[in-house]
Amino acid sequence: MKTSFSAPKVKLETPEVLKIEECQKLLEVDGLVYLSLDFEDPDSWVLQRLSSALGCPHPHNVSGEILWNVRPEVLPGQGARSQTALSFPLHTDCSFEDPTPRFIGLHVLRQDRLGGGRSLLADGRKALQRLEPRYRQALSQDYIFGVPEEFHKGVSSRRLPIVTGDKLRYRREILDETACSPEQLKALNQFEELLTDGTHQMVLEDSTILLLDNCRFLHGRTEVVDPQRYLRRVRFHEKR
Ligand SMILES: O=C(O)CCC(=O)C(=O)O
Ligand SMILES: [Fe+2]
């Protein structure tokens, strides 16, 4: 695993100037952008504004909430993994939904001050380019994605391809590997190796926002150590 990583950076000096075009371009070309805020934003106003200027926000639940708290407030098994202190292997968000939100954003209200909760990032497109063509073909076939219980909405699994053109969805732990062909399993293993090889660690600092192309970059985190670590998340679709 590579240890340091330099995402394209944008500095916001005031909430009046959100540099939307610059962010849009960076998301399109580089697949990610790391913003630092020179002002207080306790309500994640910037994150909300960015998500609706760059796309269409995707509600997290039936009550239509756009912002989701990511902090260690439940025990493993009692809610969404993002709300536990557990580590999170590389994944794309909502991999089991169709369509998946194209982008995600994370606003850091308080970083883990005890050295945990480090972000893991991997450019899935680069991994796909290095994958043998027959495995790329296998990843374009349907896999069965289990829908985590807390997100069921009446459906417990979906058949979906991991790769569609140059877009991908991925979360290995919810794939039904017993339903995979031997070729599909080999493809998963090679893809995972390439991802691991290209994984970077990044410490997201207080008052920053990370925007990711969720169909290109995979993200994850190491175990959260600081009970006060606090991020807010948005997901959003491309503008139609
Ligand atoms: O806690 C983090 O750094 C990210 C958690 C995560 O993957 C998510 O909220 O989607
Ligand atoms: Fe995630």
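A: The sulfur of Cys 94 has its closest cysteine sulfur in Cys 215, 10 Å away, which is too far for a bond. A search of the whole structure finds zero disulfides (cysteine sulfur pairs within 2.5 Å). Cys 215 is in no disulfide either, its nearest cysteine sulfur being that of Cys 94. Cys 94 is buried, at 4% relative accessible area (buried is under 20%, exposed over 50%, partly exposed in between; 1.4 Å probe, protein chains only). Cys 215 also counts as buried, with 7% relative accessibility.

This is a predicted model, in which local features need pLDDT of at least 70, side-chain atom pairs need 80 or more, and totals for chains, interfaces and linings use all residues. Residues are numbered from 1 along each chain, chains are lettered from A and ligands numbered from 1 as written, and side-chain values use heavy atoms, without hydrogens or water.

Next, the metal. His 91, Asp 93 and His 219 coordinate the iron ion (ligand 2), at 2.1 to 2.2 Å (donors are N, O and S atoms within 2.8 Å of the metal, 3.2 Å for Na, K and Ca). Both histidines donate through NE2, and Asp 93 through OD. Along the chain, the donors of the iron ion follow the spacing H-x1-D-x125-H. His 91 is buried, with a relative accessible area of 4%. Asp 93 is buried too, with a relative accessible area of 4%.

Now helix 1, residues 20–29 (a DSSP run of H or I, at least four residues; strands are E, at least two). Its buried residues are Cys 23, Leu 26 and Leu 27. Just after helix 1, Gly 31 has a positive phi of about 85°.

Last, the rings. The structure holds two aromatic pairs (ring centres within 6.5 Å; planes under 30 degrees apart are stacked, over 60 edge-to-face, the rest tilted). In one of them, Tyr 170 and Phe 191 have centres 5.2 Å apart and planes at 90°, so the pair is edge-to-face. Tyr 170 is in the loop between strand 11 (167–168) and helix 5 (182–197), while Phe 191 is in helix 5, 21 residues apart. Tyr 170 is buried at 1% relative accessible area, and Phe 191 at 0% relative accessibility.

How values were computed: Phe/Tyr/Trp six-rings, centres within 6.5 Å; stacked < 30°, edge-to-face > 60°.
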